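Here's a protein model to look through together. Have a look, and then we'll go through some questions and answers.

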Amino acid sequence: MILLLVICSHKTRNIFIELRSDFLLILEYCEKGDLYDLIKAGEGPKTRAEIIDIMIQLIDLIAFCHNRGIYHRDIKPENIFITGNNQIKLGDWGLATTERYCADFDVGSDRYMAPELFDSAQEDY
């Protein structure tokens with residue numbers, strides 16, 4: 001229920017609807033798709049201003065969630081969606097947690113994880 005109240009109040013307007021004991025997530029349509037596909041197709045942000053705009057939006061969204069105790073844990077270009085007017089939406093909240101400090105070091109996507117997390121000889125970080 002906390003996600004229902006928190007995410008609805010951010011300007012990205014992601015909407016959570018409670019349906020019995022499950023949540024149904026309804027998102028705005030993002031005409032441009034995800035950031036990864038845009039970059040791969042050569043249609044991603046190219047100018048410094050476009051890149052800064054996306055990063056400021058992302059930082060604002062992350063700060064909003066962190067200030068309310070929600071941590072995404074899988075931020076990557078494939079989970080950043082872009083609308084027709086270049087507003088970003090952060091998707092795939094399946095790994096999100098409300099634990100500020102977490103001992104799970106194998107969370108996220110391998111391609112974006114720090115290399116030291118794959119070193120089984122090291123135990124303390």
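This is a predicted model: local features need pLDDT of at least 70, side-chain atom pairs count only at pLDDT 80 or more; totals for chains, interfaces and linings use all residues.

Q: Which helix gives the most to the lining of the second largest pocket?
A: The lining is made up of Lys32, Leu38, Glu43, Gly44, Pro45, Glu50, Asp53, Ile54, Ile82 and Asn86. Helix 3 covers residues 48-66, and Ile54 is one of the lining residues that lies in this helix. With three residues, the biggest giver is helix 3.

Q: How many residues in the lining of the second largest pocket are charged?
A: The lining includes Lys32, Glu43, Glu50 and Asp53, and Asp, Glu, Lys and Arg are the types that count as charged. The lining also has four nonpolar and two polar residues. The charged ones number four.

Q: What span does helix 3 reach from its first C-alpha to its last?
A: Helix 3 has 19 residues, and at 1.5 Å a residue the expected span is 27 Å. The model comes close to that, with a reach of 26 Å.

Q: Within what arc do the buried residues of helix 3 fall?
A: The buried residues here are Ile54, Gln57, Leu58, Leu61, Phe64 and Cys65. Look down the axis of helix 3 and these buried residues line one face of the helix, because they fall within an arc of 125°.

Q: Which residue forms a salt bridge with Asp74?
A: In general, side chains of opposite charge can pair when their charged atoms come close. A search of the whole structure turns up one salt bridge. Asp74 is in it, with the closest N and O atoms 3.8 Å apart, and the partner is Lys76.

Q: Do Asp74 and Lys76 count as buried or exposed?
A: The cut-off for buried is under 20% relative accessible area. Asp74 has 7% relative accessibility, so Asp74 counts as buried. Lys76 has 15%, so Lys76 also counts as buried.

Q: Where does Arg73 lie?
A: Arg73 is not a glycine, although it has a positive phi of about 75°. With a relative accessible area of 29%, Arg73 is partly exposed. Its place is the loop between helix 3 and strand 4.

Q: What relative accessibility does Asp92 have?
A: Asp92 is another residue that is not a glycine but has a positive phi, of about 55°. Asp92 is found in the segment after strand 5. It counts as partly exposed, with a relative accessibility of 43%.

Q: What pattern does the protein follow along the sequence?
A: The protein has three helices and five strands. Read along the sequence, they give the pattern α-β-β-β-α-α-β-β.

Key: Residues are numbered from 1 along each chain as its sequence is written. Side-chain values use heavy atoms; hydrogens and water are left out. Helices (H or I, at least four residues) and strands (E, at least two) are DSSP runs, numbered from the N terminus. The expected span of a helix is 1.5 Å times one less than its number of residues. Buried means under 20% relative accessible area, exposed over 50%, partly exposed in between (1.4 Å probe, protein chains only). The arc is that of the directions from the helix axis to the C-beta atoms. On a 1 Å grid over the protein atoms alone, a cavity is a set of points where a 1.4 Å probe fits but cannot get out, and a pocket is an open set with protein on both sides within 12 Å along at least five of seven lines; lining residues have an atom within 4 Å of a point. A salt bridge is a side-chain nitrogen of Lys or Arg within 4 Å of a carboxyl oxygen of Asp or Glu.
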